[in-house]
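Let us learn to read a structure, feature by feature. Keep the sequence and the 3D view at hand.

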Amino acid sequence: MNQRTFYIETYGCQMNFSDTEIVNSILTEEGMEPVQEAENADVIFLNTCSIRENAETKVWNRLKEFRSLKKEKDDLTVGVLGCMAERIRDKIIDKEGLVDMVVGPDAYRDIPKLLSEVEDGRKAVNVLLSLEETYADIKPVRTTGNGVSAFVTIMRGCDNMCAFCVVPFTRGRERSRPMGSILDELKQLSEQGYKEVTLLGQNVNSYLDGDNDFTKLMYEASQVDPEMRIRFSSPHPKDFPEELLHVIAEQSNLCNYIHIPAQSGNNEVLERMRRPYTREQYLDLIDTMREIIPGVTLSTDIITGFCDETEEEHEDTMSLMAKVKYDLAYMFAYSERGRTLAQRKYEDNVPEEVKKRRLSEIIEQQMNIQEELNKKEIGKKHLVLAEGTSKRSDEQLCGRTDTNKMVVFDREDYNKGDYVEVVINDCTSATLMGEAIKKSSIEEFNSDMVTA
């Protein structure tokens, strides 16, 4: 009997990509083989996202494409994994008949049994949420990615219940992975040659394993390999520990980059969103970050057009972004999600054309800010971790600075995975361009900068 093959297509956040690596591990343990094209697979999974309507629309369209493929291959199995699973299980199986399997984010261990049910001619569903599941004992299998950077999930679920967010309903309550299992995975990644790891959680600063909080975890992570950079995403402004900022400042392989979601710059909107901080508290936190970590770069999430948002409230968000001057921002028009507090309590009453106009205003301002900040990088020297070839030319490499800025430079004799000292000589709003000086390391670069 031929070895069964599987293909997973992943949508949405970094957490979903990390989950796909867990499913890879479970399926390969069962003797199945991953393939790179859906057409070559016996089993196709879509790992889905429910955060925004656009992401769900893409999944529906893709499933309809696979329906045509199922007509050509009688034994093809199609399944939906992840955040859309619980929300749409009835529609997707019974009404549309598009899939054979629906598996929620806490039920991935059950996939082999569910596949057996499908082989017996049944539709298979498990969307139960767990209070314990962290997949701590499963070693992710990374079949995609650049072999340089990896994601490590440190906790699952969320207890914050922001009014706009569906995550608590699709991923359940917060629970943290044992710190030892996280550090073991970091050691394994170091041994495999990975140079950068991002620790993931819906709210990483809520991480707690016994007496080990997120600050302790970050410190211990920094000790695994001094030549492996550590990043994290996403923290919540409401309980960001100042002690963590000092640890980042002190440990040279903890990156001087923080993603700190604001969502809005207006106190009334923040209250409606159930974000338990004010504009003033948020700006105080930003000041503290910049005071403790000189040169830190910041990114954020912004939602425009939330329920009842007025022009004045929109202007407050614009002014917050202009004041903070983020190096990067993920900006979205509000998209109502089922089961959220906002859907139950508020009316999605900002017209679509107003949402689009406000979003374009925010994006235009942010692009101008990014270009202004990037121009200030010209003449500066950065340690760039080469992630691979540039999209525009095989003769160039691209990679990121410690501060998470993308840099393009001539390939010369450098390779993917090298730390390269680069002097910046040009920029766009999204990318820095530079001239490579020499291959280096975190220790050597920092030593050179101290003595310079």
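Q: In which loop does Glu412 lie?
A: Bear in mind that this is a predicted model. Glu412 lies in the loop between β19 (406–410) and β20 (419–427).

Q: What is the phi of Glu412 near?
A: Start with the general idea. Most residues other than glycine have a negative phi. Now the case here. The phi of Glu412 is near 50°, a positive value, and Glu412 is not a glycine.

Q: Where is Tyr135 found, and is Tyr135 buried or exposed?
A: Tyr135 is in the loop between β6 and β7 (149–153). Its phi is positive too, at about 55°, although Tyr135 is not a glycine. Buried means under 20% relative accessible area. Tyr135 has 2%, so it counts as buried.

Q: Is the peptide bond from Ser233 to Ser234 cis or trans?
A: In general, most peptide bonds are trans. The bond from Ser233 to Ser234 is cis, with omega near -5°. Ser234 belongs to the loop between β13 (229–233) and α8 (242–250).

Q: In what order do the six strands of the open sheet run?
A: Read the sheet from one side to the other. The order is β2-β1-β3-β4-β5-β6, and the pairing is parallel. At the edges are β2 (33–34) and β6 (124–126), each pairing on one side only.

Q: How many bridges join strand β1 and strand β3?
A: Five bridges join β1 (residues 5–10) to β3 (residues 43–48), in the parallel sense.

Q: Which residues gather in the patch of positive charge on the surface?
A: They are Lys64, Arg67, Lys71 and Lys91. Helix α2 (residues 53–72) gives the largest share of this patch, three residues.

Q: How far apart are Leu432 and Asn374 in sequence and in space?
A: Check both separations. In sequence, Leu432 and Asn374 are 58 residues apart. In space, Leu432 and Asn374 are 6.9 Å apart, C-alpha to C-alpha.

Note on methods:
Residues numbered from 1 in each chain as written. Predicted model: local features only at pLDDT ≥ 70, side-chain atom pairs only at ≥ 80, totals over all residues. Heavy atoms only, no water. Patch = residues over 30% accessible without salt bridge, like charges linked within 9 Å, V, L, I, M, F, W, Y side chains within 5 Å. Areas by Shrake-Rupley, 256 points an atom, 1.4 Å probe, with all protein chains shown as cover. Salt bridge = Lys/Arg side-chain N within 4 Å of Asp/Glu carboxyl O. Lys, Arg positive; Asp, Glu negative; His and termini not counted. Charge placed at Lys NZ, Arg CZ, Asp CG, Glu CD. Helix = DSSP H or I, 4+ residues; strand = E, 2+ residues; numbered from the N terminus. Pairing = 2+ DSSP bridges. Buried < 20%, exposed > 50% of the residue type's maximum accessible area, 1.4 Å probe, protein only.
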